[in-house]
Amino acid sequence: MTTTAARRDWAAVVSLGLGVFTITTTEIMPIGLLRPMATDLDVSEGTIGLTVTFFAFVAAVSAPTLSTATRRLDRRPILLCVMAAFVVGNTLTALAVNYAMLLAVRMAIGVALGLMWAIVAATAVRLVPPNAAVRATTIAFSGVSLASVLGMPVGTVIGQAFGWRAAYWTLAGLSLVSLVALAVLLRSVPGDSETIGLRGLPRLLRMRNLRTTLIVTALVITGAYAAYTYVTPFIVEILGIDADLVGVVLLVMGVAGVAGNFTAGAFLSRTQSVRWSLAAIIAVLAGALILTPVASLWLPAALVGLLVWAAGYAAAPIGLQTTVFRVAPAYRESATTLYSTTFNFSIGVGALIGALAIEHGGALAPVVVGAVCAVIALAVALTLPRRVTPDDAAAASG
């Protein structure tokens, strides 16, 4: 491969990361705009929050269905269609005249998100040399982390300043930029050589380490979204920060998240232990979720806790996706399909549990749920081996 071609492929990986950032920000944007969207569409904040839950559940169902149905097709046109769907979907969201239209549009584009998540990491890895796989995964999946800690806060600021519809017009424009970038930079990427179809996916669950990784994913993401979905009430009611400053706090957390995202990538590139690389990342998140409420009586310490929380929250998807690749090296795309299904389903469950927790236990309750889930996830992650054996990696074919 020539130097020019290699540079173009790396630019395509960055474009994939931008696409993931755009679609994931679209998924969780209502979290930061609960109040203005609820007021404008004449529904409760909890009802708006359900658009995140339904979006995630649709993505979870579509991931295995569509990724296996299209497994032999060129990835380039599929990814372009996904981004085109988000251009249209975000435009229609900005034009939504009532809650029914909003929900219908979001459920429709949730289908596209599920497909994107299932194939994007494996596509990115196939664009680069094998020794650069972790770096490519970090860049492509950085969009997941950065959407939460940067995209949603920026969208919240835009929505507060210019109305919630302006945030979705911005996302429609960003979707168009992502579409054009992929059209220009992404070369043809043939369908994956693996032959596992929809009915064969459960066979991968014979791989003990993949099962364990999926359980850890479910726990981490359920807890993370239970807590982070309702981080704004926590900031205002528990930490006592003025509501007008929430956008600023979220942006600062976003900066910490960016740092956490790429620090995790560098750490994973240098640490080959399956067990300790993932456990270390989860430990950071668990520690922050435990210590931030404890430090709430002294604001400076609590703010430091928020920054560590954001860093750990951003690092988690990178650690989880990299672990999926390490425990199922021969089935990267199919294993990622199961991972993305678990991830998206857990987002929906987490947002729902968070809603129940805050309703019955107040603004602190979702953070407690997140901390409990993270601690349990850490305990499960510690059962992973330091190295994956060839026999375990090949278990699915037995």
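# Questions about pockets, packing and a cavity

Reader: Which helices each supply at least two residues of the lining of the second largest pocket?
Author: Happy to start there. A pocket is an open set of points on a 1 Å grid over the protein atoms alone, with protein on both sides within 12 Å along at least five of seven lines, and lining residues have an atom within 4 Å of a point. Helices are DSSP runs (H or I, at least four residues) numbered from the N terminus. By that count, at least two residues of this lining come from each of helix 6 and helix 12.

Reader: What model is this, and how are its residues numbered?
Author: This is a predicted model, in which local features need pLDDT of at least 70 and side-chain atom pairs count only at pLDDT 80 or more, while totals for chains, interfaces and linings use all residues. Side-chain values use heavy atoms, without hydrogens and water, and each chain is numbered along its sequence from 1.

Reader: Which helix gives the most to the lining of the largest pocket?
Author: Several helices share this lining, with at least two residues each from helix 2 (34–41), helix 3 (45–69), helix 6, helix 9, helix 10 and helix 13 (332–361). By class, the lining has 12 nonpolar, seven polar and four charged residues. With four residues, the helix that gives the most is helix 9.

Reader: Is helix 9 parallel or oblique to helix 10?
Author: The axes of helix 9 (residues 231–238) and helix 10 (residues 246–270) come within 11 Å and cross at roughly 120 degrees. Axes are lines fitted to C-alpha atoms over the stretch in contact, with angles from 0 to 180 degrees between N-to-C directions. Angles under 35 degrees count as roughly parallel, over 145 as roughly antiparallel, 65 to 115 as roughly perpendicular and the rest as oblique. Helix 9 and helix 10 are therefore oblique.

Reader: How many polar residues are in the contact of helix 9 with helix 10?
Author: Contact means heavy atoms within 4.5 Å. Helix 9 brings Val231, Thr232, Ile235 and Val236, and helix 10 brings Val246, Val249, Leu250 and Met253. Seven of the residues are nonpolar, none is charged, and the number of polar ones is one.

Reader: Is helix 4 parallel or antiparallel to helix 7?
Author: Helix 4 (residues 75–94) packs against helix 7 (residues 164–185) with axes 8 Å apart, at an angle of about 165 degrees. That angle is why the pair is called roughly antiparallel.

Reader: How many charged residues does the contact of helix 4 with helix 7 have?
Author: From helix 4 come Arg76, Leu80, Met83, Ala84, Phe86, Val87, Asn90, Thr91, Thr93 and Ala94, and helix 7 answers with residues including Trp164, Arg165, Tyr168 and Trp169. In the contact, 15 residues are nonpolar, five are polar and the charged ones number two.

Reader: Is helix 1 parallel or antiparallel to helix 6?
Author: Helix 1 (residues 3–28) and helix 6 have axes that come within 7 Å and cross at roughly 30 degrees. The two therefore run roughly parallel.

Reader: How many charged residues are in the contact of helix 1 with helix 6?
Author: Trp10, Val13 and Val14 are among the residues of helix 1 here, and Arg135, Ala136 and Ile139 among those of helix 6. The contact has 14 nonpolar and six polar residues, and its charged count is one.

Reader: Which elements give two or more residues to the lining of the second largest cavity?
Author: A cavity is a set of grid points where a 1.4 Å probe fits but cannot get out. Val144, Ser145, Ser148, Ile221, Ala224, Tyr225, Tyr313, Ala316, Pro317 and Phe343 form the lining. The elements asked for are helix 6 (133–162), helix 8 (208–228) and helix 12 (299–327).

Notes
Nonpolar A, V, L, I, M, F, W, Y, C, P; charged D, E, K, R; others polar.
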